[in-house]
Amino acid sequence: MPHTEIEGHRLSLSNLDKVLYPSTGFTKGEAIHYYASIAETVLPHLEGRPLSFLRYPDGVEGQKFFTKHVPRGTPEWVTVHEITVASKTPMHQVFLQDKASLVWAANLAALELHTPQWQVDHQGLADRLVFDLDPGEGADILDCRTVATWLRDRTAEDGVTLLPKTSGSKGLHLLAPIERRDALEVSAYAKKLAREAEDGLPDLAVSKMAKDLRGGKVFVDWSQNSAAKTTAAPYTLRAKERPTVSTPVTWEELDAANSADDLVFLTTDLPPRLKSYGDLLAPLLDLFSGGKKGTSKDEGFRARLPKA
């Protein structure tokens with residue numbers, strides 16, 4: 001079994017040639033390499049956030065394992081914290097805070113990384129607003145773009161700046177940095193805007209989850225603002241037919257897309273994108289005034305959500 005040493009931690013790597021995406025031949029070794037290569041960019045988006053993994057040890061066509069509790073055999077150097085919010089009883093979850101733990105998780109075939117909108121030091125107080133735009137049958141990501149543009153313009157009226165990324169699946173995620181607020185209040189605001197989008201785009205947007213309402217429309221999922229819910233993290237792999245990535249995009253890119261394929265990004269696309277654009281979601285990381293995280297209670301430049 002091959003070994004590697006990262007930041008002073010020795011890791012055993014297994015089954016590197018195992019194919020996880022049969023349609024493309026993409027292997028576990030390539031998944032590990034992808035996460036290792038973008039660690040500097042993805043780790044800040046995971047900082048302080050408990051991880052929920054979707055593991056695919058037999059590949060994306062095999063059985064998946066949703067892992068929220070600390071996996072058996074987790075090395076003692078992997079960060080673990082007790083979580084008391086959004087659960088009837090306290091539980092412990094893994095936090096990927098360094099490159100070594102990110103590679104460790106990838107070696108478990110933890111392809112998908114999902115996080116809540118709050119950090120462990122402020123459990124249940126959201127510092128991000130999120131909308132998950134999910135196209136129903138007969139709709140696609142270009143329809144999501146129309147809804148996203150409507151939401152961008154509407155939230156701008158409230159001083160909220162939405163940043164888009166692909167979900168890595170069929171839809172779009174819109175995120176905004178906000179002053180810390182109880183997740184219940186953030187959910188209420190997001191639900192209000194989802195209903196407004198439904199009223200403003202009655203032939204395209206729907207705010208209710210019922211699948212029989214979603215044909216040819218885009219579901220504006222506001223519920224992921226709940227303290228108990230998670231969203232696919234920026235730059236995470238997705239367990240689809242191909243090794244797609246949840247990728248930040250510019251509004252100009254969205255406007256220029258002529259087909260859904262124009263908004264599909266694979267692991268090989270990310271290094272050149274990061275070189276060209278940097279981290280388009282960097283505004284989510286500046287929690288405090290002047291970008292000096294943890295040094296001030298002043299969050300004045302972060303959006304202050306109005307009452308729902």
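A contact means that heavy atoms lie within 4.5 Å. The model is predicted: local features need pLDDT of at least 70 and side-chain atom pairs count only at pLDDT 80 or more, while totals for chains, interfaces and linings use all residues. Residues are numbered from 1 along each chain as its sequence is written, and side-chain values use heavy atoms, with hydrogens and water left out.

**Figure 1. Overall fold of the chain.** The chain holds 7 helices and 15 strands; helices (H or I, at least four residues) and strands (E, at least two) are DSSP runs numbered from the N terminus. Of the contacts with a separation of 6 or more, 67% join residues 24 or more positions apart. The C-alpha trace spans about 60 × 45 × 40 Å along its principal axes. Of the 308 residues, 51% are buried, where buried means under 20% relative accessible area, exposed over 50% and partly exposed in between (1.4 Å probe, protein chains only).

**Figure 2. The aromatic pair of Tyr21 and Phe26**. The whole structure has 3 aromatic pairs. Rings of Phe, Tyr and Trp (its six-membered ring) pair if their centres lie within 6.5 Å; planes under 30 degrees apart count as stacked, over 60 as edge-to-face and the rest as tilted. Tyr21 and Phe26 are edge-to-face, at 5.4 Å centre to centre and 85 degrees between the planes. Tyr21 is buried at 0% relative accessibility, and Phe26 is buried at 7%.

**Figure 3. The aromatic pair of Phe53 and Trp104**. The ring centres of Phe53 and Trp104 are 6.5 Å apart and their planes stand at 75 degrees, so this pair is edge-to-face. Phe53 belongs to strand S5 (residues 52-55) and Trp104 to helix H3 (residues 99-107), and the pair links distant parts of the chain, 51 residues apart. Both Phe53 and Trp104 are buried.
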